[in-house]
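Trainee: I'm new to this one and would like to learn how to read it. Could you walk me through it?

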Amino acid sequence: MGTSAAAAPIRVERVEPAPRPLVRLVNPLVRLLLASPLHVFLSHCFCLIRFTGRKTGREYSIPVTYWEVDEGYDVAIITRSGWWKNFEGGREVRLRLRGTTVLGIATAVPDDEAVAAFARARLVENPVNARLLGLRIEGHRLPTVEELVPAVHDTVLLRVTLLDRD
């Protein structure tokens, strides 16, 4: 008797982010490229998120991986960094998206189940999205939402509803 696809063994683990010194070195270059006409080389999966810090009042511009979605909001970003707390309850954000600055409202969703469901939908679209999601998947099938939950623990989904274009 064969094993069903859902019962086939699979391993899902979180890929650790690049070392902080490397990120600090590379991010300014990525920011520069995304804000230039050369954005075409990166803007298919990276954008700049610009916002004012909730406590500091400081302006931030951070390169992030994004997905355009049609799930009741327009753009999705996932992060494990603490800056997501600026978007609890929803806050204004500017995205540099494919060479255009757009205004939106970003809302943080710090819910492992919601992040896992989002990740599963992106994997169904294209299994190569695993790397962009910060995941390593070993096995011959896509993981279920339940199998993704431990790997996305402490990952936050930012749902961005676009308001206007510059």
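Mentor: Let's begin with a term: buried means under 20% relative accessible area, exposed over 50%, and partly exposed in between, using a 1.4 Å probe and protein chains only. Helices (H or I, at least four residues) and strands (E, at least two) are DSSP runs, numbered from the N terminus. This is a predicted model, where local features need pLDDT of at least 70 and side-chain atom pairs pLDDT 80 or more, while totals for chains, interfaces and linings use all residues. Residues are numbered from 1 along each chain as its sequence is written, and side-chain values use heavy atoms, leaving out hydrogens and water.

Trainee: Which residues of α2 are buried?

Mentor: They are A114, V115, A116, F118, A119, R122 and L123.

Trainee: How far does α2 reach from its first C-alpha to its last?

Mentor: The expected span of a helix is 1.5 Å times one less than its number of residues. Helix α2 (residues 112-125) has 14 residues and reaches 20 Å, close to the 20 Å expected.

Trainee: Which residue caps the N-terminal end of α2?

Mentor: Think in polar contacts: pairs of N or O atoms within 3.5 Å; within protein, one must be able to donate a hydrogen and the other to accept it, and residues adjacent in sequence count only if both atoms are side-chain atoms. Here D111 is the cap, with a side-chain oxygen 3.2 Å from the backbone nitrogen of E113. Further along, the backbone oxygen of R122 sits 2.9 Å from a polar side-chain atom of N129.

Trainee: Is N129 buried or exposed?

Mentor: N129 counts as buried because its relative accessibility is 10%. R131, though, is exposed, because its relative accessible area is 58%.

Trainee: Which residues touch the most other members of the largest nonpolar core?

Mentor: A nonpolar core is a set of buried Ala, Val, Leu, Ile, Met, Phe, Trp, Tyr and Cys residues joined through side-chain atoms within 4.5 Å. The largest core has 22 residues, and F118, L133, L135, L148 and L157 touch the most other members. Two or more residues come from each of β4, α2 and α4 (145-152). The biggest contributor is α2, with six residues.

Trainee: What separates R131 from D164?

Mentor: Their C-alpha atoms are 30 Å apart, and the two residues are 33 residues apart along the chain.
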